[in-house]
Amino acid sequence: MENITEKTTQKTRSNLNVRVMVVTAMLSAVSFLLAFLEIPMPLSPSFAMMDLSDLPALIGAFAFGPVTGVVIELIKNGLQLFSTNTGGIGELANFLMGASFVFTAGIIYKRRKTKKTALIACIAASVVMAVVAGLLNYFVLLPMYSVFMPIDQVIAAFGEIIPFIKTKLEVILFSAIPANIIKGLMISVFTMLIYKGVSPILKGEK
């Protein structure tokens, strides 16, 4: 009897692992495609764009845990390396920002899977991503932009949107960080709206 129970448990775990891998691959593909649908970044000049490609990763993190969300981010950015024009730097920065977002949300939601916890998780994750984005913009992305445009012109471009921006630090404090909080909250709203409907399908409960 114990052997039958053990075999049943192993089979259930095996089926679950297969489902997680299949869903991870599917969500990664959707995430990769969403990355091509860019929209202007809030509080930023026209060359700074954003997308909603972190949405499938956040759904994956809620459904199967934070590691799944990070794996989706890794696969998405790995696929983007085949068409990169930043030598992989932009993809690495995108991965670190997205991974910090979905991992934070996933680890908080995993503790207690309620709507209130999901809301707290999304807000906290948006703040964490914004801080990571601020650091990456200051040390990596703005210097990368300066290869194509002098840094003074980059700062001036942000200053045209927010007139009191005069320094690189002010770009981070008044553009990059708040813009990424807005981005995180936008993705969170979409996730909260659709997660309840897609979760049973992803988990094979329907």
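Start with Phe62, which has a relative accessibility of 2% and so counts as buried. Here buried means under 20% relative accessible area, exposed means over 50%, and partly exposed is anything in between, worked out with a 1.4 Å probe and protein chains only. Before we go on, a word on what you're looking at: this is a predicted model, in which local features need pLDDT of at least 70 and side-chain atom pairs count only at pLDDT 80 or more, while totals for chains, interfaces and linings use all residues. Residues are numbered from 1 along each chain as its sequence is written, and side-chain values use heavy atoms, with hydrogens and water left out.

Now step back and take in the whole chain. Read from the N terminus, the order of elements is α-β-β-α-α-α-α-α-α. The C-alpha trace spans about 75 × 35 × 25 Å along its principal axes. Of the 206 residues, 42% count as buried. Contacts (heavy atoms within 4.5 Å) also say something about the fold: among those with a separation of 6 or more, 68% are between residues 24 or more positions apart.

Back to the rings. A ring pair is described by how far apart the centres are and by the angle between the planes. Rings of Phe, Tyr and Trp (its six-membered ring) pair if their centres lie within 6.5 Å, and planes under 30 degrees apart count as stacked, over 60 as edge-to-face and the rest as tilted. By this rule there are 8 aromatic pairs. One of them is Phe62 with Tyr109: the centres are 4.4 Å apart and the planes sit at 35 degrees, so this pair is tilted. Phe62 belongs to helix α2 (residues 54-64) and Tyr109 to helix α4 (residues 89-111), so the pair ties together parts that are 47 residues apart in sequence. Tyr109 is buried too, with a relative accessible area of 9%.

Compare that with Phe164 and Phe174, whose ring centres are 5.0 Å apart with planes at 85 degrees, so the pair is edge-to-face. Phe164 is in the loop between α6 (151-161) and α7 (168-202), and Phe174 is in helix α7, so this pair ties together parts that are 10 residues apart in sequence. Phe174 is partly exposed, at 35% relative accessibility. Elsewhere, ring pairs join Phe47, Tyr145 and Phe158 into a cluster. Phe158 is also one of the buried residues of α6, along with Val154, Ile155, Ala157 and Gly159, and this buried set packs against α5 and α7.

What about the empty space? Rolling a probe the size of a water molecule over the atoms shows where it is left. On a 1 Å grid over the protein atoms alone, a pocket is an open set of points with protein on both sides within 12 Å along at least five of seven lines, whereas a cavity is a set of points where a 1.4 Å probe fits but cannot get out; lining residues have an atom within 4 Å of a point. Grid points are joined across faces, edges and corners, and a volume is the space filled by probe spheres set on the points.

The largest pocket holds about 1,000 Å³ of space. Its lining has 35 residues, with Glu38, Met49, Gly90, Asn94 and Tyr145 nearest the centre. Two or more lining residues come from each of β2 (49-50), α3 (66-80), α4, α5 (115-148) and α7, and α4 gives the largest share, 6 residues.

Where does Phe62 turn up again? In the lining of the second largest pocket, together with Tyr109, Thr114, Lys115, Ala118, Met192, Tyr195, Lys196 and Ser199. This pocket has a volume of about 230 Å³, and α7 gives the most to its lining, with 4 residues. Thr114 sits in the loop between α4 and α5 and is partly exposed, with a relative accessible area of 28%. Thr114 and Ser83 are 31 residues apart in sequence, yet their C-alpha atoms are 39 Å apart in space.
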